[in-house]
Number of protein chains: 4
Amino acid sequence: MNATFRWPVRIYYEDTDTGGVVYYANYLKFFERARTEWLRSAGISQQLMIEQENVMFVVKSTAIDYHAPAKLDDAVEISLTAEKLGRASVNFSQAAWRIGDAGSELLCFGQIRIGCIDAVSLRPTAIPAIVLQKIKGLITKGPHRISDQ
Amino acid sequence: MNATFRWPVRIYYEDTDTGGVVYYANYLKFFERARTEWLRSAGISQQLMIEQENVMFVVKSTAIDYHAPAKLDDAVEISLTAEKLGRASVNFSQAAWRIGDAGSELLCFGQIRIGCIDAVSLRPTAIPAIVLQKIKGLITKGPHRISDQ
Amino acid sequence: MNATFRWPVRIYYEDTDTGGVVYYANYLKFFERARTEWLRSAGISQQLMIEQENVMFVVKSTAIDYHAPAKLDDAVEISLTAEKLGRASVNFSQAAWRIGDAGSELLCFGQIRIGCIDAVSLRPTAIPAIVLQKIKGLITKGPHRISDQ
Amino acid sequence: MNATFRWPVRIYYEDTDTGGVVYYANYLKFFERARTEWLRSAGISQQLMIEQENVMFVVKSTAIDYHAPAKLDDAVEISLTAEKLGRASVNFSQAAWRIGDAGSELLCFGQIRIGCIDAVSLRPTAIPAIVLQKIKGLITKGPHRISDQ
């Protein structure tokens with residue numbers, strides 16, 4: 001099994017702008033959907049993290065390069081690789097690809113760092129042990145073992 | 001002073017879609033901004049309503065007719081008239097107008113009903129007395145007195 | 001086969017607001033996704049409608065009643081029934097349902113009317129014959145035959 | 001006059017998520033509003049750029065660090081400094097600040113690079129001379145002269 005997780009996204013009117021392409025901020029929505037589904041694939045619900053553990057993940061930094069624009073009706077795939085797991089943060093490489101008959105075309109690529117914060121104080125806090133364990137399980141499923149930080 | 005409240009909105013890329021016009025759901029964002037500013041004009045903060053009164057306003061129903069589309073860079077004005085104030089709800093007439101050199105053009109028009117709910121149980125609850133009083137003050141400032149329900 | 005079309009939607013952070021529920025305008029995005037997929041199921045691409053036929057669908061009116069709020073991580077299903085097909089418009093009944101272990105719960109219900117317009121002049125125009133034919137095919141697939149208007 | 005441009009943004013329900021804070025992608029909307037208003041301050045309309053010059057600006061890269069979250073009702077200010085003007089691109093430093101009684105608090109900071117593309121082919125193209133001249137005028141108004149690249 002590969003450590004790269006993939007999640008399909010379809011481009012709807014809501015995602016596009018008057019330039020005829022997907023609005024640049026919306027790729028961050030697609031990236032977040034993929035991270036949510038990656039967590040869900042390990043049995044982690046972010047709603048339950050808030051309700052039961054009183055913590056949540058927030059984005060600490062993003063660095064995105066835009067290569068080609070997606071358009072209405074495009075079939076897009078979001079890829080995700082966890083690059084580094086810390087006590088209170090996870091670093092990801094993510095990309096968006098247009099899926100076509102002739103293969104995939106890179107739309108944008110980026111580095112995303114998320115951090116765990118207390119849901120009330122909004123201050124950084126350690127990822128709960130039960131969540132951390134599930135994330136480690138996800139990461140080490142792939143052929144490219146990622147050492148814990 | 002007129003009971004109709006007005007709030008300006010500028011159309012940005014984020015508001016448009018690949019059809020070259022404002023995406024239809026976004027008029028509901030503009031309408032909500034105007035309701036928020038109308039409440040703020042009476043000293044009502046919805047963040048404080050949640051934090052201090054443990055209640056919030058949610059939309060119960062909308063009925064919108066779309067007449068003409070707004071485009072990128074358009075200067076738009078949102079109008080708001082409170083039509084009926086209940087113990088746990090407020091009914092509004094709202095419209096969006098394009099403001100141009102030759103006058104205003106109606107873009108869309110609608111009826112919105114908001115209700116007050118408990119922020120935890122999400123069940124309907126009475127509008128807090130202090131908030132209700134401020135809303136009454138807003139409504140009766142205008143020439144068209146609106147009777148309380 | 002039933003004339004009611006269904007499309008699944010998952011609730012992500014992007015869909016929610018600080019009230020802890022899905023922001024009311026976003027149900028219109030979900031409804032639009034379902035209409036787009038319903039058209040796609042008949043082989044109609046809205047991107048190609050713009051590029052090849054120089055027409056597009058826009059929303060003419062909406063009337064929505066909100067019954068219960070969706071929350072982060074909810075599995076939601078959007079239903080769609082075409083109620084009336086005109087020369088230049090289609091009327092739909094649409095609803096959002098939360099899918100749970102104990103069955104479905106109605107979140108909101110509404111009537112949506114879309115119209116066909118020229119993509120340049122933005123004026124109403126007849127639905128192209130090839131598109132109209134495909135929509136008729138979709139509608140008459142179901143057990144509840146809908147007469148053309 | 002200072003080369004740093006500032007634009008106010010108010011936080012509405014639409015901007016927040018169930019974590020009680022502004023959704024991370026929405027700062028990119030605020031940054032884009034500020035760039036649009038900066039261009040408008042020099043008499044540049046992006047709608048007219050598309051219609052008359054057949055070109056448009058798109059984002060080529062972003063790098064954002066998130067420091068503190070904005071919440072509902074916050075008064076936020078977006079700052080913008082053009083760092084580098086090329087033949088077909090402009091680099092900006094942008095930040096979001098919460099404006100409070102006790103001063104400003106940095107919410108997020110980033111580098112944004114926009115490029116000019118042909119509105120039909122979507123390929124990179126030179127910024128039209130008339131637009132380039134107006135942007136140069138904007139940049140050189142400030143005390144920190146920026147050399148053209």
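Predicted model: local features only at pLDDT ≥ 70, side-chain atom pairs only at ≥ 80, totals over all residues.
Me: What is the strand order of the open sheet with strands from chains A and D?
Reply: Strands of a sheet pair through backbone hydrogen bonds, either parallel or antiparallel. Strands (E, at least two residues) and helices (H or I, at least four) are DSSP runs, numbered from the N terminus. Two strands pair if DSSP finds at least two bridges between them. Here 10 strands follow the order β1(A)-β3(A)-β4(A)-β5(A)-β2(A)-β2(D)-β5(D)-β4(D)-β3(D)-β1(D), with antiparallel pairing. β1 (5-10) of chain A and β1 (5-10) of chain D stand at the edges with a single partner strand each, so one side of each has no neighbour in the sheet. From one strand to the next, the twist averages 30°.

Me: Which strands join chain B to chain C?
Reply: Strand β2 (residues 55-66) of chain B runs antiparallel to strand β2 (residues 55-66) of chain C, and 5 bridges join them. In this pairing S61(B) stands opposite D65(C).

Me: How many residues lie between the strands of the hairpins that β4(B) forms with β3(B) and β5(B)?
Reply: The hairpin of β3(B) and β4(B) has 3 residues between its strands, and that of β4(B) and β5(B) has 2. Strand β3 (residues 75-85) and strand β4 (residues 89-100) of chain B pair over 9 antiparallel bridges, while 12 bridges join β4(B) to strand β5 (residues 103-118) of chain B. F92(B) stands opposite A82(B) and also opposite I112(B) in β5(B).

Me: Which residues of α3(D) are buried?
Reply: An α-helix has 3.6 residues a turn, so residues three or four places apart point the same way. Buried means under 20% relative accessible area, exposed over 50% and partly exposed in between (1.4 Å probe, protein chains only). In α3(D) the buried residues are V131(D), L132(D), I135(D), L138(D) and I139(D). They cover an arc of only 120° around the axis, which puts them on the same side of α3(D); the arc is taken from the directions from the helix axis to the C-beta atoms. On the other side, A129(D) and Q133(D) are exposed. The buried residues pack against α1 (26-41), α2 (46-53), β2 (55-66), β3 (75-85) and β4 (89-100) of chain D, contact being heavy atoms within 4.5 Å.

Me: How many aromatic pairs does the whole structure have?
Reply: Rings of Phe, Tyr and Trp (its six-membered ring) pair if their centres lie within 6.5 Å; planes under 30 degrees apart count as stacked, over 60 as edge-to-face and the rest as tilted. The search finds 24 aromatic pairs over all chains. Y23(B) and Y24(B) have ring centres 5.3 Å apart and planes at 75°, so the pair is edge-to-face. Y23(B) counts as buried at 4% relative accessibility, as does Y24(B) at 6%. In chain A, ring pairs link Y23(A), Y24(A), Y27(A), F30(A) and Y66(A) into a cluster.

Definitions and conventions: Residues numbered from 1 in each chain as written. Chains lettered and ligands numbered in written order. Heavy atoms only, no water. Axes fitted to C-alpha atoms, helices over the stretch in contact; angles between N-to-C directions.
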